[in-house]
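Hi,

Here is the structure I promised to pass on.

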Amino acid sequence: MQPSAHLSKDFDADLLGVRAQVLEAGGIVEYQIRYAIEALRTGDRALVTRVIADERQVNQMERDIDEACTNLIARRAPAASDLRFIMMVYKSITDLERVGDEAKKIALIAREVRLNERITPGFPEIRIVAALVIDMLRRALDALARLEAEDAPE
């Protein structure tokens with residue numbers, strides 16, 4: 001699904017802008033997952049703090065992208081593939097924000113585990129699952145970057 005050129009270059013720029021914002025948010029979320037898992041492994045409080053700060057940033061990005069999508073629909077009245085793209089962006093950023101929330105929960109658990117000096121059971125399994133999640137996220141973001149739906153993970 002390659003975007004078609006529009007008569008309005010501003011519309012094209014707006015669509016590219018929201019796509020870039022989603023990709024940026026996706027990159028932040030990917031690092032949230034990485035940092036949360038590393039904090040779980042090492043007890044690094046700076047990583048916990050970073051995940052929490054990034055979660056706030058992703059929340060704000062979700063609100064900004066949601067508003068941009070709403071404005072695009074209201075101002076441009078997109079049809080067909082453009083409307084599907086905007087709806088996909090809206091759904092994607094909502095899911096990314098949720099993944100960021102889960103990364104924050106993992107980071108908070110990491111802080112609690114280390115404060116109580118408890119051993120993390122099943123850590124090798126957690127790392128395997130985290131690697132799968134990161135791979136799926138990366139493939140989905142790559143598909144968005146190339147606008148190729150068939151490349152997105154199922």
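Below is what I found, going from the whole chain to single residues.

First, the ground rules. This is a predicted model, so local features need pLDDT of at least 70 and side-chain atom pairs count only at pLDDT 80 or more, while totals for chains, interfaces and linings use all residues. Residues are numbered from 1 along each chain as its sequence is written, and side-chain values use heavy atoms, with hydrogens and water left out.

The chain has 4 helices and 0 strands, where helices (H or I, at least four residues) and strands (E, at least two) are DSSP runs numbered from the N terminus. Of its 154 residues, 36% count as buried; buried is under 20% relative accessible area, exposed is over 50%, and partly exposed is in between (1.4 Å probe, protein chains only). Take the contacts (heavy atoms within 4.5 Å) between residues at least 6 apart in sequence: 78% of them join residues at least 24 apart.

Now H1, residues 9-42. The expected span of a helix is 1.5 Å times one less than its number of residues. Just after H1, glycine 43 takes a positive phi of about 80°.

H1 also holds tyrosine 31 and tyrosine 35, 4 residues apart, about one turn of the helix. An α-helix has 3.6 residues a turn, so residues three or four places apart point the same way. Rings of Phe, Tyr and Trp (its six-membered ring) pair if their centres lie within 6.5 Å; planes under 30 degrees apart count as stacked, over 60 as edge-to-face and the rest as tilted. The count comes to 1 aromatic pair. The ring centres of tyrosine 31 and tyrosine 35 are 5.7 Å apart with planes at 45°, so this pair is tilted. Tyrosine 31 is partly exposed, at 43% relative accessibility.

On to H4 (residues 123-146): its 24 residues reach 34 Å from first C-alpha to last, close to the 34 Å expected. Which residues in H4 are buried? They are Phe123, Ala130, Ile134, Leu137, Leu141, Ala143 and Leu144. Just after H4, leucine 147 takes a positive phi of about 55°.

Finally, H3 (residues 80-115) gives the most to a nonpolar patch, with 3 residues. Tyrosine 90 is in H3 and is partly exposed, with a relative accessible area of 36%.

Cheers
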